[in-house]
Every structure is written in C-alpha cells, then in structure tokens.
Amino acid sequence: MPAPEIGKKNPLVKFEHIEKSYDGETLVVRDLNLDIAQGEFLTMLGPSGSGKTTCLMMLSGFETPTHGEIYLEDKPIGSIPPHKRNIGFVFQNYALFPHMTISENIGYPLHVRKVPKHKIKERVSKILDMIELSGFENRRPAQLSGGQQQRIALARALVFEPKLVLMDEPLGALDKNLREQMQFEIKALHARLNVTVVYVTHDQSEALTMSNRIAVFDDGIIQQISTPEVLYEEPMNAFVAQFIGENNRISGEVVDINGKYCKVKFEGGIVTALKVNVKAVGDKTSLSLRPERVIVNPEAGTTENIFKGEVRELIYLGDHIRTRVNVCGNRDFIIKVPNSAGHKITGKDKNIIVGWSSEDCRALDAGV
Amino acid sequence: MAFPVYVGKLEKTWYYFFRVICGAVLFFLIAPLIVLIPLSFNAEPYFTFTKGMLSFDPSAFSLRWYQDFLNNPQWLHSIKNSFIIGISSTFLATFFGTLAAWGLSRPYTPFRVTIMSILISPMIVPIIISAAGMFFFYSKVGLSQTYIGLILAHTALGIPFVVITVTATLVGFDKSLIRASASLGADLVTTWRKVIIPLILPGVISGSLFAFVTSFDEIVAVLFLAGYEQRTIPRQMWSGIREQISPTILAVATLLILLSISLLTTVELLRRRSERLRGIASS
C-alpha cells in the first residue's frame, strides 16, 4: 500500500534518543530514534524481549523512558500522565469492563469527557454500526465471543476520535481465520478514519499485510524501518533477512569487492552477490537469498551463479513443491517450485542444478 | 437414588453413611441455638422446658422476656451502644482494610509480608492478650472507658477480616482494566469510582460483614475497655448470666440469631444479583 507522504508535514510522534532500563543495568530499549507520520500505519515487529512493547508503553505513558524525550505533535509528553494524553489503546486481552454493558464500555471515554448523554448514545450507535455489532448495546462482555470482544475494544479506543491509536498484539488470542478477518477490518477502519496507528506484533505476515511501514526490532534497537516491500526484498542485515520471510543462508568469506558486487568464497566455490552489509575483503558474511528467486536448471550463461546440488526432500503443498536441497554448504536450502505444467522436479533424479542472479543474493553481516 | 451400574455395595453404604455423618455434625452445631428459641418464650423464669411447654399448653408460653428486653432501659442502652460501636468500627475497618489490601496487592510493596502479618495478628493472637494489652495502653493515653477507645479496639479486631477478603478479591482483579481506564481519559479517582470499587465490592461487603459481626459479638475487649456508659449487648448478657439469671437473655439471643440470619441472607441475595448483572455464571 502507498506510504503517506512523510516529510510534507511534521511527524505526529517523534522518539528522540529514547532509552529504557528496568533495573538500571540492562537496556531494554537503546538509543531509539523514530518519526511517525500522521495517518500512517506503523508496525513494530520483533521477537519477544526486543523492546517493541516497551516503546508502546512509553508512548502511552504506562512506562517512562530512563533517557530521551517523546514528542506528540511537537510537544514533549514525558510529564503528561496517561489519562491526559488522548491516545487510544487496544490491549491484547481486550480489557473490557466486565461489569458494564457494551454501550457503557464504548461510551466510557465519552462519559469521562463529559459529552452529553444523547450525543454519547448517537456516537456509540454509529461506531457499533461501523464494526457491524448494532443491537449489542445491552449485552455484557462475557456474553460475546473473542472476535466480537476485540471489535468492541477497538471501537472503545476509537470512539473519542484520538489522533493516535496504539495496539498491543490485539489479535494474538484469535484463531487464524478470525485473525485474517480482523486484520482486514482494522485496515479498513484505519483507511476510513484516517487515524495514526502504531501496531505491535511478532507475526511478520500480519505486519507485511497491514502496514505502511514496519520497524523491525531486535535487542532494543530498530534494525531496519521501511515499507514491507523494501524490507522483504532489500533486508539490510542478517536479522531482518531471517526474521521476515523465508531465507536461504550461505556462509562464506569475502574475497573480492568490485563496486556494487562482491565475490564470496564458500567451501565448494564462489558466489557473486550484492555488497550490502560487508566492509572489506576477509570479512565473514552470510548471504541471503529468497527461495522464490532460485531458478531450477537454468540455461548455462544466463546467470553468474550456477551450482550443482543434491535433492534431499520434496514436500508437496498443492500449489508448489517445497524442495529441500543440499547446495553451497547449506543442507537446508529451500526452493519453491511452482506446480505448473512441465515443471522439472520429479524426485527421481537426486542431482539438481540451481542458479540465481547476483541481484537477488545479498551479502550481509555474519549475523547470529 | 439412582446409582450408576458400576457402583458397589461399599460405595452405596458410604453414600448414605456420609450423609448421616454430615447431618449429625450440622445438628450438633445448630441444636444448641434451636433449643434457645422456644425456651425464650417460657412463661416461667426457668431455663428449662416446663411441663406445660412440653405438652404445648398455650398458657406456658409468653412474650414477657421480649417485653422485658425492649422496655428495660439498660438493655435499650446496650442495643444503642452495640449498633453505634458496631457500625462505626465496621466503617473504619472497611475503609482502612480496603486501602491496606489495595496497597499490599501491588507488585513492589516493601515489607509486604511484615505489614500483612501485623494487620492480621488480631485474628490470630488470643483475644485476651490483645484486650489486656489494649487496656494497659489505652489507660495510659486516656482512651479507656470511652466510646472512641472501644471503637478503635473493634476496628483493629475487624481489619483482618476486611484485608483478607479484599486481598482475595484483588487476586482475581484484572490490572489491565486500570490501564484501560487511564488510556480512555479517566483520572485515578474516576477509575476508582467507576471501575475498581464496583468490581471489588463483593469482597469489601463480605469483609465488612465479618467485621460487623465480630464487633457486635465481641465481649473480651468490652469487658476490659468499656465503662458503664459503653455497655454493649454482650456485656449486658454477661452480667445477666452472672448476676441476675434472667431468661431475658434468651430473648436477646433469639433476636441476635434472627439478625445474623437476615444479614447473611441479604448479603447473599445481593451477591447473587450482582453476579447475574455482571454476566458471570453464579456457582
């Protein structure tokens, strides 16, 4: 999806040199600098303990940074308590008030802001309509299913028209189909209401489908922040390459650097790759190659990288065949062969020739 | 009783025997109370069943002891005191006990175990020791034989009940609700009023009920600390038994039993109603 024009206006949220430590020793978030544009859908993606949820907590006011400043609409918000920040929050466990009806739950933020009763009723009705749960006004949260509760939690965070809404892994407790449906609904609401969303998740496919930009977190810093396409096709380090999408790794050592490209030597030969995250000859590197960019039995001379390998396993997945191959020192090299007429994988021949363009092969840091 | 096919003779015997044992235990607990009730209608000033009562002769029954109780200025004064002291100490115990339980349930409270032990100690330490200690201390500060002194003493005795029940309620309390309320714009006072109190109210009420009954029935501390002005119902019953031997106390006892039953029934009905309203299945 197209990214909003960052830079035309001032960013809505600005993290400046943010640091956070709980015990004074280990830094959970390290020197974080981030600008979030108005109206964008930004996802903070990363494994557990990477600092993404902590950033969300600092933005909402439930945690304070140990260093640095956060700006909302150019005003520092460090000293503003959570209840004055006017930021919507959707919790992973929904946090609906069990003793109130649905309309009282959704009307709560309006009630607290002293909106007149008839207006509250009107706005609650309108938003229930938007999430397709009209008629549920007098039910209680305990009577609703997980997906319905999540939609109510969403409505409650949006009804007071905040400029910014934060979501902390809201779909974690739902089953796959419901999750995909809710992803679609959240995106639709985002487009319709033109609100800025900061979304935290550890599910990379969720991040890829929903976001304008994704900030990949690991170990307290943003490893890379960009649009889904750029992150998938041009990962800048081994962590991002391996965290997003599937990735074939070839370990080796740089033996030559020639402008945009470099030559990497591994046990059985030399690969020509894009020089992305290596500095000098002699550096250890890990090459990243997406399975769908591997060509089976390429014509000689069409690409620089052609190698012989041995087929280890074929898994039939209907629309494609997942082929595990031993090549270039990697015993779990994956190729996805589309199940089109005349495809060349039969399983009878153990030998296979694979090739790829050096544009598709990125030389990154040696990583973990 | 329709037993499943696989139940053997031993299980069947146990099934009935178990119920007989339970019945016997309950009977043992309740019988002394049940016996009091008809005795309180005795026309003669005796503590035993007269021949007339056993043959259900209407003239053997009378309401004279109830009349004595409700017309006697000493008893009326005691009733007034019992309620004044009971309600005041319950109010204070509930207020402070709830706040204490809230503070103690936070994740990083320092000295939590020590504080909790001190607050609960009146329930564990033999009442005679607490009462004697209070007597010596209150005498020194001039609180002995005053209403305030007795109210404070009963508050201290009632706090453990409130702390325990409210702490138990808070264990099941979803802390993210407080963050949700804050994120929606409610300050702390509003959050307390609209979110926290409604949800912990069953625990608070249950604890305050225990505190009230504790104060209402309390005799040992009253014996040490109360002057003539502050006599409560149990204090009056105490002199009734030791000095006057009047069956009026049977009438008082019967009324107290009825009061306890109606209090407990009311609270249980309220609890069930609030659980229904909250959509939680009542157990």
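Predicted model: local features only at pLDDT ≥ 70, side-chain atom pairs only at ≥ 80, totals over all residues.
**View 1. Phe41 of chain B in its loop.** Let us start with a single residue. B:Phe41 sits in the loop that links helix H1 (9–39) to helix H2 (51–54) of chain B. Is this residue buried, exposed or partly exposed? B:Phe41 has 18 C-beta neighbours inside 10 Å, so it counts as partly exposed; 20 or more would be needed for a buried residue. Leaving out residues up to four places away in sequence, B:Phe41 touches B:Phe61, B:Ser62 and B:Leu63.

**View 2. The largest nonpolar core and a second one.** Here we turn to the cores. The largest nonpolar core holds 107 residues. Which residues have the most contacts inside it? They are A:Ala153, A:Leu166, A:Val198, A:Val216 and A:Ala363. Helix H9 of chain B, residues 188–217, gives the most to this core, with seven residues.

**View 3. Leu166 of chain A and its contacts.** This view picks out one of the residues with the most contacts inside the largest nonpolar core, A:Leu166. Which residues does A:Leu166 contact, leaving aside its neighbours within four places in sequence? The partners are A:Leu56, A:Leu59, A:Ser60, A:Ile87, A:Gly88, A:Phe89 and A:Val198. A:Val198 is also listed with A:Leu166 among the residues with the most contacts inside the core.

**View 4. Where chain B meets chain A.** In this contact, 18 residues of chain B meet 23 residues of chain A. On the chain B side, helix H8 (176–183) and helix H9 each supply at least two residues. Which of the elements gives the most to this side? It is H8 of chain B, with six residues. Sorted by class, the side of chain B that touches chain A has nine nonpolar, five polar and four charged residues.

**View 5. The two domains of chain A.** Finally, look along chain A, which is divided into domain 1 (13–238) and domain 2 (248–364). Taken over C-alpha atoms, the centres of these domains are 39 Å apart. How many residues does each domain bring to their contact? Domain 1 of chain A brings four and domain 2 of chain A brings six. The domain 1 side has three nonpolar residues, one polar residue and no charged ones.

How values were computed
Residues numbered from 1 in each chain as written. Chains lettered and ligands numbered in written order. Helix = DSSP H or I, 4+ residues; strand = E, 2+ residues; numbered from the N terminus. Buried ≥ 20, exposed ≤ 12 C-beta atoms within 10 Å, placed from the backbone. Contact = placed C-beta atoms within 7 Å. Core = buried A, V, L, I, M, F, W, Y, C linked by C-beta atoms within 7 Å. Nonpolar A, V, L, I, M, F, W, Y, C, P; charged D, E, K, R; others polar. Domains from an automatic or database assignment.
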